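Work through the exercises below with the sequence and the model in view. Each task is followed by a solution in steps.

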Amino acid sequence: MRLMIFSDIHGNLEALQEVCKDSSTRNVHRSIFLGDLVGYGPYPNECIELVRNLKNCRCLAGNHDVATLWETSPYGMSKAAKEAILWTMDQLSPENKAYLSSLPDRLDLGEMTFVHANPYNPKGWRYVMDRKYALRSFAATRSRIVFIGHSHRPLIISKNHWLKVSIETIVGDIKSAVNDSRRRIINCGSVGQPRDDDPRACYLIYDTRKQTIHFHRVGYDVQKTVQAIQNANLPPVLGRRIVKGT
Ligand code: ZN
């Protein structure tokens, strides 16, 4: 099976459309979206509707998704994030709010676990980027591979039997073999707001038969999204971030 895994669209329709176009040429059988359909970006309803209508796609909730429902307070977020959440609350249709509220926070499939932030406390939203939180995450599941998003930085964390952890930052289009016995936490990066200094949208395809993870980077019309952010009167810093990929 070829499984597409993507995360953190954040209302960026141009980026999402290009990712869908790219993945449609790569023989994907199923896809799993790891959360944050909305927040930051100017097209929350359109992004929800596009993902809802994808065939064979399962979706999880992210912290921005639940913040638009007041399940968590947006007032704990950065200023720009909070302003975008308050704006998104006003934009969302009742159907799309109901859809966001229906999303689960964790999915287990065979030897894989999927969460937005981490598997030990999915709605605590702590980032997993170092050894300490990686070990806590491995302890929370028996799965061989845990797929995460949330930090917007593509990453592979591997652990051998002796609690030795190695962390590999992913740069560009990279294919990585996962055919040994090590357990892994894999961050698929972000579609709509990458933060690894590469503004191109990021997603991955896991080939379960060949045991390979392929990260794909996809360019899109960033200026079009910047213009839409301006037209919506969203904080201008959100446009600057997607231009730089930070
Ligand atoms: Zn996010």
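**Exercise 1: the strands around β11**

β1 and β11 are antiparallel partners, joined by 4 bridges. The model is predicted, with local features needing pLDDT of at least 70 and side-chain atom pairs counting only at pLDDT 80 or more, while totals for chains, interfaces and linings use all residues. Residues are numbered from 1 along each chain as its sequence is written, and side-chain values use heavy atoms, with hydrogens and water left out.

Solution. 
- Strands are DSSP runs of E of at least two residues and helices are runs of H or I of at least four, numbered from the N terminus; two strands pair if DSSP finds at least two bridges between them.

**Exercise 2: burial of β11**

Task: How many residues of β11 are buried, and which way do they point?

Solution. 
- Buried means under 20% relative accessible area, exposed over 50%, and partly exposed in between (1.4 Å probe, protein chains only).
- For β11 the count is 7 of 7, so this strand is largely enclosed by the rest of the structure.
- Ala201, Tyr203, Ile205 and Asp207 point one way, and Cys202, Leu204 and Tyr206 the other way.

**Exercise 3: the zinc site**

Task: Which residues are the protein donors of the zinc ion, and why is their arrangement irregular?

Solution. 
- Donors are N, O and S atoms within 2.8 Å of the metal (3.2 Å for Na, K and Ca); water is not among the atoms, so sites may look incomplete.
- Asp8 (OD), His10 (NE2), Asp36 (OD) and His152 (NE2) lie 1.9 to 2.6 Å from the zinc ion.
- Four donors count as tetrahedral if all angles lie between 85 and 135 degrees; four count as square planar and six as octahedral if opposite donors are over 155 degrees apart and all others between 65 and 115; anything else is irregular.
- Here the 4 donor atoms subtend angles of 87 to 176°, which makes the arrangement irregular.
- Histidine 10, in the loop between β1 and α1, and histidine 152, in the loop between β6 (145–148) and β7 (155–159), are 142 residues apart and link distant parts of the chain. Both histidine 10 and histidine 152 are buried.
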